[in-house]
Amino acid sequence: MGKQYPTISADTQAFIERQHMFFVGTAAADGRVNISPKGQDTLRVLDPNRVAWLNLTGSGNETAAHLLELNRITLMWCAFEGKPNILRLYGTATIYHPRDPEWADLLLLFPPLPGARQILVVEVDLVQTSCGMAVPFLDFRAERDELNHNMEKRGTEQVEQYWHDRNTRSIDGKPTGI
């Protein structure tokens, strides 16, 4: 059954690094709860209580809006192959934008990906595992490359205009800080 830990162990880090996707969950004080699937090579374990996640341009920006209002976040991975497992990291996050001085150093942690919008550094205060026995087996075929192609085709100016047009407010009208 479920177990709780104060830090990310070496085994937990290895599990995270083997996964092809994870989920991000956030909520403001009111409005909608948001759960987003994330893929590509966009997450790094920095130390036993910190992870960094490169947030790519998307159709919305709910996570950022929620964190500005109520700074709590959950990241979740499911084992779709091998031994069953569900892993959750609970904590708070700091959002860094391309305009922030920390951006350049943090961006070096990741491969160059077009449309990089924010980097979130999550301070992890609880690591929890649970059984995952009802999670199905799924076979990984490949990463999708449509987002990267779309962002490359748009170019920097059009991506920034997209942020302005579609990513400055959440679906509940909350500011995102973009």
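1. Which elements each supply at least two residues of the lining of the second largest pocket? They are β1 (3–5), α1 and β8, where helices (H or I, at least four residues) and strands (E, at least two) are DSSP runs numbered from the N terminus. The largest share of that lining, four residues, comes from α1.

2. The model is a predicted one, in which local features need pLDDT of at least 70 and side-chain atom pairs count only at pLDDT 80 or more, while totals for chains, interfaces and linings use all residues. Residues are numbered from 1 along each chain as its sequence is written, and side-chain values use heavy atoms, with hydrogens and water left out.

3. To complete the second largest pocket, its space amounts to about 540 Å³, a volume being the space filled by probe spheres set on grid points that are joined across faces, edges and corners. A pocket here is an open set of points on a 1 Å grid over the protein atoms alone, where a 1.4 Å probe fits, with protein on both sides within 12 Å along at least five of seven lines; lining residues have an atom within 4 Å of a point. Of its 22 lining residues, F15, K83, P84, N85 and T129 lie nearest the centre. By class the lining has nine nonpolar, eight polar and five charged residues, with Ala, Val, Leu, Ile, Met, Phe, Trp, Tyr, Cys and Pro counted as nonpolar, Asp, Glu, Lys and Arg as charged, and the others, Gly among them, as polar.

4. The largest pocket has a volume of about 940 Å³ and is lined by 34 residues, with H20, M21, K38, G39 and E143 nearest its centre. Two or more lining residues come from each of β3 (33–38), β5 and α2. The classes in this lining are eleven nonpolar, 14 polar and nine charged residues.

5. A search of the whole structure finds zero disulfides, taken as pairs of cysteine sulfur atoms within 2.5 Å. For C78, the nearest cysteine sulfur is that of C131, 11 Å away. C78 counts as buried because its relative accessibility is 8%, whereas C131, at 30%, counts as partly exposed; the classes are buried under 20% relative accessible area, exposed over 50% and partly exposed in between (1.4 Å probe, protein chains only).

6. Five salt bridges are counted, each a side-chain nitrogen of Lys or Arg within 4 Å of a carboxyl oxygen of Asp or Glu. In the bridge between D172 and R32, the closest N and O atoms are 2.2 Å apart; this pair links distant parts of the chain, 140 residues apart, with D172 in the segment after α4 (146–166) and R32 in the loop between β2 and β3.

7. K174 and E69 form a salt bridge with closest N and O atoms 3.0 Å apart. K174 is buried, at 12% relative accessible area, whereas E69 is partly exposed at 38%. Salt bridges that share partners join D30, E69 and K174 into one network.
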